[in-house]
Amino acid sequence: MREAARLTVVGLCACATFAAAWSQEPPKTAPATHVTRDQIEAFIAQLPPQRISDSMIRGLDVGGYRVGVYAVVRPKDSPQDAIYHDTNMTEILYILKGSATLITGGVIPDARPPARPGGNYTGTKIDGGTTRHVVPGDVIITPGRTPHLWANIESDMSYLVFRPDPDGKMPLK
């Protein structure tokens, strides 16, 4: 009898647990976003080809933080500065066209403070960084606050930059 009572209690607890789990709504998720190759190509085609452009294609709230997809055009003969973004935002670059040397890490010994709030520290060189040659198809992940400098640009470049924004300051688009 005692065993039957214990099994009944265990069974009721299991049923209550199952019923509670069954009645919970699934977690809310943000819808997936698709940016097509044609949309990317059309967006890049409308950017000015003779100057550096860094423009948002899409900016989304993905549930707790934001993510941006940017297109960058970097002409072969454009002036290059070493830069340092004073932010937590990582940049993930995907090279579409062109090739160059990218220097990351190290320090910018002659860093100038940003001209505006939220701007970049800039300088003429990086000391002690890592140098790599990048070509179409390469992916480079640069954590926030990491100096970087494009050098020896061999041909006009275009690339995508994915920027996860844990601080939620990025505009939505």
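# Close-up views of a predicted model

**Figure 1. Overall composition of the chain.** The accessible surface of the chain amounts to about 10900 Å², and 58% of this area belongs to carbon and sulfur atoms. The model is predicted. Its secondary structure consists of 2 helices and 10 strands, and from the N terminus the elements follow the order α-α-β-β-β-β-β-β-β-β-β-β. The chain has 173 residues, of which 32% count as buried. Where contacts in the chain link residues at least 6 apart in sequence, 76% of them join residues at least 24 apart.

**Figure 2. The largest pocket and its lining.** About 980 Å³ of space lies in the largest pocket. The pocket is lined by 33 residues, and those closest to its centre are His85, Glu91, Gly118, Asn120 and Arg163. Two or more lining residues come from each of strand 2 (66-74), strand 3 (82-85), strand 4, strand 6 (120-123), strand 9 (148-151) and strand 10. Strand 10 provides the largest share of the lining, with 4 residues.

**Figure 3. The largest cavity.** The chain holds 1 cavity of 30 Å³ or more. The space in the largest cavity is about 30 Å³. Its lining comprises His85, Met89, Glu91, Thr142, Pro143, Gly144, Arg145, Thr146 and His148. Of these lining residues, His85 and Glu91 are also among the residues closest to the centre of the largest pocket.

Figure 4. Ser158 is located in strand 10, which spans residues 157-165. Ser158 counts as buried because its relative accessible area, 8%, is under the 20% limit. Neighbours within four places in sequence being set aside, the contacts of Ser158 are with Ile44, Val72, Val73, Ile95, Leu96 and Lys97. One of these contact residues, Leu96, also belongs to a nonpolar surface patch, shown in the next view.

**Figure 5. A nonpolar surface patch and the exposure of Val139.** Tyr94, Leu96, Val139 and Ile141 make a nonpolar surface patch of about 360 Å². At least two residues of the patch are supplied by strand 4 (91-97), and at least two by strand 8 (139-142). Val139 has its place in strand 8. With a relative accessibility of 52%, Val139 is classed as exposed, because this value is over the 50% limit.

Note on methods
Residues are numbered from 1 along each chain as its sequence is written. This is a predicted model: local features need pLDDT of at least 70, side-chain atom pairs count only at pLDDT 80 or more; totals for chains, interfaces and linings use all residues. Side-chain values use heavy atoms; hydrogens and water are left out. Buried means under 20% relative accessible area, exposed over 50%, partly exposed in between (1.4 Å probe, protein chains only). Contact means heavy atoms within 4.5 Å. Patches are made of residues with over 30% relative accessible area and no salt bridge: like charges are joined within 9 Å, nonpolar side chains (Val, Leu, Ile, Met, Phe, Trp, Tyr) within 5 Å. Accessible areas come from the Shrake-Rupley method with a 1.4 Å probe; for residues, only the protein chains shown count as cover. A salt bridge is a side-chain nitrogen of Lys or Arg within 4 Å of a carboxyl oxygen of Asp or Glu. On a 1 Å grid over the protein atoms alone, a cavity is a set of points where a 1.4 Å probe fits but cannot get out, and a pocket is an open set with protein on both sides within 12 Å along at least five of seven lines; lining residues have an atom within 4 Å of a point. Grid points are joined across faces, edges and corners, and a volume is the space filled by probe spheres set on the points.
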